[in-house]
Amino acid sequence: MEVRDLKVQFFTYGGVVQALDGVSFKVNKDETLGLVGETGCGKSVTALSTLRLVPPPGRIVEGEIILNGENLLEKTEEDMRKIRGRAIAMIFQDPTSSLNPLFTVGFQIAEPFIYHQDLKKKEAQKSAIKLLESMHIPDAERRARNYPHECSGGMRQRIMVAMALACNPSLLIADEPTTNLDVTIQAQILELMKEIQKKHHTSILWISHNLGVIAEMCDRVAVMYAGNIVEIGDVKTILCEPAHPYTRMLKECVPTANQKKGELTVIPGTVPNLISPPAGCRFHPRCREPTDTCKKENPIMVELEPGHYVSCWKYTQKNDKMNSGDD
Amino acid sequence: MGLGRYITRRIILLFVVLFGLLSLTFIVSHVIPADPVRAWAGEKSVLQTLDIIRQRYHLDQPLWMQYLLYFRDLLQGNLGISPVTNRAVLLDLGYFFPATFELSLVSLLFVLAIGIPLGVISATRRNRLSDHLLRVFSLMGTSMPIFWLALMLQLVFYFRLGWLPLTERIEVPWTRITGFVFVDTLITGNLAGFGDAVKHMMLPASVLTFSSIGFIVRITRSSMLEELGTDYVRTARAKGVPENIVVFRHAVKNALIPPITALGYTFGNLLQGAVITETIFSWPGLGTYAAGSVQYLDFPAIMGFTIIAGVSVAIVNLITDIMYVAIDPRIRSTETR
Amino acid sequence: MLDNKKRKLLSTYKRWRSRINPQLKELRLSLYVIRRSPLALVGLGIIAAFILLAIFGDFLAPYNPYTLNLESRLQPPSFIHLFGTDELGRDVFSRLLSGAKYSIEIGIIVLAVSIPLGSLLGAIAGYFGGIYDEVIMRTTDVFQAFPSLILAMAVSAALGPSLQNVMVALIVVWWPPYARLVRATALSIRDYAFVEAARSMGASKARIIFQHILPNSISPVIIRATLEMGAVIIWSAGLSFLGFGAQPPSPEWGRLITEGRLYIFQAWWITTFPGVAILLVVLGFNLFGDGLRDILDPKLRRVIEVK
């Protein structure tokens, strides 16, 4: 899937929120792309945009989302419905609020089968149970008759994963699936996801603000800040030799075992108000080394090395301006 | 089972509330009036009757004794004798009960059958013209005095248009078996009577329905709006569930909970509305009985229907609570544990 | 010397400003949203008109609402008599204008007594809990178990028909929901830090209730109160219809409708116009309250969300 220059705005009583300001990235077949950023930087909006589920008062104002050669933003609503849960599936952050409390777990997992594969209710239920079993959930048949509130947090998240995988999507979007779980459950889910990817060759867009999880799960990483993608590259490069000042500061914030006791590093300042974002590069108020251009113009994405792109004036001035390319 | 235990517990609580209710009625009927004897005897009573009344209702005893005897009488089904009709209040109540029950039940069904869909529609077309119109419409119902609405409907549908009858419940002769006119006419094969009863019920039922529908529409609308914004509805959409199934299956089921729990309140509203409505349409039900007894200051009758009204509302509330638990599996688990 | 005073004043002002700043922001946002809710504005307009009517009704009335004029009985609406005349020749329009004040009087008094009464009881029940809670809550249960109109009728019957007694009856019936409302708020904020802090500073129980619990319960109470003003008016009209409340020749609106009922087929205007008046006024309150609720209810507001 390829996202090109996506712009999303929220038209609220307080003003127009420029949530996404021209986001571009690509998720290749059989790879896991991580999407990192602070809360409020636009990660979830990006994910919802691919499914065209941006809630009002939000609206996609510009851009293209290409899946298998077709622009999703030009499709009809009925076509999109067929894509959701089948070609692209999503796992949400909070499994407790994301499952309908009045329906059994089995029924909710069976639904994608019913609406995408035209199975009858009984057959769909059977498929659902099989799916649960394939995810190593014991006593799957009884489990299917449970209601969400009767399951533990980790179980609920696995149910969400099952719901998403029902129709073997080519792209799976995971929006902070382990953030609300404790560490042991988190490890199980991560294992599960890896297994699934190996078996079904699903591409995954993994959204998180936890660099550790990103490091473990992802092949490539995109770093987001205030509605822009500031850096993309493969996971090793981004985490070991980050180019963008924001990525660098992010890395410094992660406490390490051999760090001396004392204050934790923070990035000074706060996330900008997206109704009136700062002029030029949105990060410049918090950057360590802003130049005059940074304060006036929004930087362009350039390719630093093959496969490693940065959006920062520090590097654009070094390279030829002709070299700018976004993919 | 857990549900059974919940029901038992609620029934016990019901009795506690009933006890309080009856005590409150006692206070209103025996303590508040300036001259209880006069009040119970009726306005036009002679001196001799005062003594009889005093003895019959134990008004010569000390207050705590009156309280105990009051309950004893109640348990025996003795609600006193109306000085106006000179019959036992309990008998009068039994006679007038079916008419009100039928009217309230029909109105309640209308309110639900019309109000809930309107609320759902209003929510799905939020802030569009149809939504605003529906909201004003439902507000109008609760903004007008019921008796005025009844009078206006009579003016239009009887006087100007001549479509519907003015008063009474039925004008074709019928045999009274259970007292429920729809049941009786069907049992005796009296189809003309059945049709006539339907015609007569249209105006009073419309009045009652219209005055109570606003509340249900509003509650349904706001709970639907809440539902449509939940995470699990978002999940359903993300799964590719068709939109109308998302709305009418996923969202509506959850959204129905508040309006159903409002049933008890709606029923109470209908009872109150019935008092006034029945008066205007000369409907031979408890409402007319109540208004008449109030007009003639028929104290035993007033207390009698107050008790009946309180008891029936308490029972309906109990049913509503039980339904609420039965519908929502989350509550079921917490309440029946 | 003057400088010192000025500085003290400034700092007090600053402190007060910072304390109410969040509320000010809310207020500004609310006003902005109110302006965008046309229904609420319409309601507000109607309410304002009604209040003016109630105050100046007697001055504005073209005729004396009480004088009989048997020669011009039952006249239909015309230029002389805007809403016609009733069965005793009195100008309906004037009676309508002069009757406005009764409705507002009842509304204000009933709410002004039952709301503080209910709120205080609710605050006590919620904050102190235990036996106070049980007793107060069971009492509200009992009161609420009655269909309120019937209870009001019973109380009115016991007290005798008059406007004041109707007010008492309505107050008796009106306080329980507020007790419940405030109790719910009290329960939820009872364990908040600032209450703890006040307690640890030795604030007396009364002080805590009045300064902390009650002010925080205001929002739902206000919403309910605006909606209920209309309900009180309708109820008092209903009780008038049944024979309680204002007695003739008082031009209270409920009475006007009742008196007109006898002549409804000959002279529909006697009954229709007072009813329309009540409808408009109550609608005004309901629209305003509904719009207000749409604003103040955080779940229905459109939240600014960027992720």
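Which residue in E4(A) stands opposite Lys7(A)?

Guide: The model is a predicted one. In it, the residue opposite Lys7(A) is Glu62(A), in E4(A). The two strands involved are strand E1 (residues 2-12) of chain A and strand E4 (residues 58-67) of chain A, which pair in the antiparallel sense over seven bridges. In general, the strands of a sheet pair through backbone hydrogen bonds, either parallel or antiparallel.

This pair belongs to an open sheet of four strands in chain A, and the order is E2-E1-E4-E5. The pairing in that sheet is antiparallel. At the edges stand strand E2 (15-26) and strand E5 (70-71) of chain A; each has a single partner strand, so one side of each is left without a neighbour in the sheet. As a general rule, side chains in a regular strand alternate between the two faces of the sheet.

Strand E11 (residues 301-305) of chain A pairs with strand E12 (residues 308-311) of chain A, in the antiparallel sense and over four bridges. Here Glu305(A) has His308(A) of E12(A) opposite. Two residues lie between the strands of this hairpin, and Gly307(A) takes a positive phi near 90 degrees.

Chain B has 16 helices and zero strands. Its C-alpha atoms fill a box of roughly 80 × 60 × 40 Å, taken along the principal axes. Of the 337 residues in chain B, 46% are buried. Among contacts in chain B between residues at least 6 apart in sequence, 71% join residues at least 24 apart.

Chain B meets chain C: 40 residues of chain B are in contact with 41 residues of chain C. On the chain C side, the elements that give two or more residues are helix H4 (130-145), helix H5 (148-159), helix H9 (218-241), helix H10 (253-261) and helix H11 (268-296). H11(C) gives the most, with eleven residues. By class, that side of chain C has 27 nonpolar, nine polar and five charged residues.

Leu27(C) is in helix H1 (residues 2-36) of chain C. Leu27(C) counts as exposed because 11 other C-beta atoms lie within 10 Å, and the cut-off for exposed is 12 or fewer. Between Leu27(C) and Phe244(C) there are 217 residues of separation in sequence and 41 Å in space, C-alpha to C-alpha.

Notes. Residues are numbered from 1 along each chain as its sequence is written. Chains are lettered from A and ligands numbered from 1 in the order in which they are written. This is a predicted model: local features need pLDDT of at least 70, side-chain atom pairs count only at pLDDT 80 or more; totals for chains, interfaces and linings use all residues. Two residues are in contact if their C-beta atoms, placed from the backbone, lie within 7 Å. Ala, Val, Leu, Ile, Met, Phe, Trp, Tyr, Cys and Pro count as nonpolar, Asp, Glu, Lys and Arg as charged, and the others, Gly among them, as polar. A residue is buried if 20 or more other C-beta atoms lie within 10 Å of its own, exposed if 12 or fewer, and partly exposed in between; C-beta atoms are placed from the backbone. Two strands pair if DSSP finds at least two bridges between them.
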